[in-house]
Amino acid sequence: NFGGKLYADIHGAAPEEARYARQAAGHSDMSMASWLTKVEAQIIDRFDNLIVVSSKMINHIDSKYGISISAKTSLLPIFPDPTFFEPIDKEQWKRNLGLIGNIVFLYSGGMQAYQCVDQSIYWFRLLRSQLHNAKLLIFTADLDAAKRKIDDQAKDLKDDIQIMSVP
């Protein structure tokens with residue numbers, strides 16, 4: 001019974017992410033993903049304006065529900081500032097980070113299970129056993145969680161892993 005306009009920020013594919021997380025954790029109960037699909041459908045049907053971060057999200061919703069939402073959708077992309085796209089001197093950065101002469105692998109993302117950070121650390125451990133000059137950079141907003149993961153899973157490789165937060 002709200003008389004004003006309703007806006008929803010559909011930032012990601014929550015039902016699909018929930019389904020993936022449940023499957024990856026070995027759970028067969030997909031009721032959370034089903035519930036999120038119902039809520040998402042109600043939002044798409046009842047809300048006046050939808051905010052999404054990419055045209056792919058619009059296409060995803062259009063094909064998932066068989067409707068066109070473009071008339072009530074605002075695209076608000078999340079992009080870095082233009083300096084992100086400027087060429088950088090990779091060798092200078094490797095020098096700055098003490099990585100000259102090393103093979104550098106990068107994990108950039110969150111510490112949520114569905115981001116597969118645990119598998120990335122495991123993968124790096126396997127690579128490091130064969131590539132003795134391999135280093136891992138972890139770029140994340142959650143430095144404490146990343147440090148805990150390294151302490152739990154790769155403490156013996158701590159000197160080969162750098163954890164940093166970046167803009």
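P82 lies in the loop between β3 (73-75) and α4 (90-96); helices (H or I, at least four residues) and strands (E, at least two) are DSSP runs, numbered from the N terminus. At 65% relative accessibility, P82 counts as exposed, where exposed means over 50% relative accessible area, buried under 20% and partly exposed in between (1.4 Å probe, protein chains only). P82 and M30 are separated by 52 residues in sequence and by 41 Å in space, C-alpha to C-alpha. This is a predicted model, in which local features need pLDDT of at least 70, side-chain atom pairs count only at pLDDT 80 or more, and totals for chains, interfaces and linings use all residues. Residues are numbered from 1 along each chain as its sequence is written, and side-chain values use heavy atoms, with hydrogens and water left out.

**Helix packing**

- Two packed helices are described by the angle between their axes and the distance between the axes.
- Axes are lines fitted to C-alpha atoms, for helices over the stretch in contact, and angles run from 0 to 180 degrees between N-to-C directions.
- Angles under 35 degrees count as roughly parallel, over 145 as roughly antiparallel, 65 to 115 as roughly perpendicular and the rest as oblique.
- Helix α1 (residues 14-24) and α2 have axes that come within 8 Å and cross at roughly 180°, which makes α1 roughly antiparallel to α2.
- On the α1 side this contact (heavy atoms within 4.5 Å) is made by A14, P15, A18 and R19, and on the α2 side by M32, A33, L36, T37 and E40.
- By class, the contact of α1 with α2 has six nonpolar, one polar and two charged residues; Ala, Val, Leu, Ile, Met, Phe, Trp, Tyr, Cys and Pro count as nonpolar, Asp, Glu, Lys and Arg as charged, and the others, Gly among them, as polar.
- The axes of helix α2 (residues 31-46) and helix α3 (residues 55-65) come within 12 Å and cross at roughly 105°, so α2 is roughly perpendicular to α3.
- T37, E40, A41 and I44 of α2 meet M57, I61, K64 and Y65 of α3 in this contact, whose residues divide into five nonpolar, one polar and two charged.

**Helix α6**

- In helix α6 (residues 143-153) the buried residues are A145, A146, K149 and I150.
- These residues cover an arc of only 135° around the axis, which puts them on the same side of α6; the arc is that of the directions from the helix axis to the C-beta atoms.
- The buried residues of α6 pack against α5 (117-130), β5 (134-139) and β6 (161-164).
- Exposed residues D144 and D152 are carried on the face of α6 turned away from its buried side.

**Aromatic pairs**

- The whole structure holds two aromatic pairs; rings of Phe, Tyr and Trp (its six-membered ring) pair if their centres lie within 6.5 Å, and planes under 30 degrees apart count as stacked, over 60 as edge-to-face and the rest as tilted.
- F105 and W123 form an edge-to-face pair, 5.2 Å centre to centre with 85° between the planes.
- F105 is in strand β4 (residues 103-108) and W123 in helix α5, 18 residues apart.
- W123 counts as partly exposed at 44% relative accessibility, whereas F105 counts as buried at 17%.
- The rings of F105 and F124 have centres 6.4 Å apart and planes at 65°, so this pair is edge-to-face.
- F124 is in helix α5, 19 residues from F105, and both F105 and F124 are buried.
- Ring pairs link F105, W123 and F124 into a cluster.

**Backbone**

- C116 is found in the loop between β4 and α5.
- Phi of C116 is near 65°, a positive value in a residue other than glycine.
- Most residues other than glycine have a negative phi.
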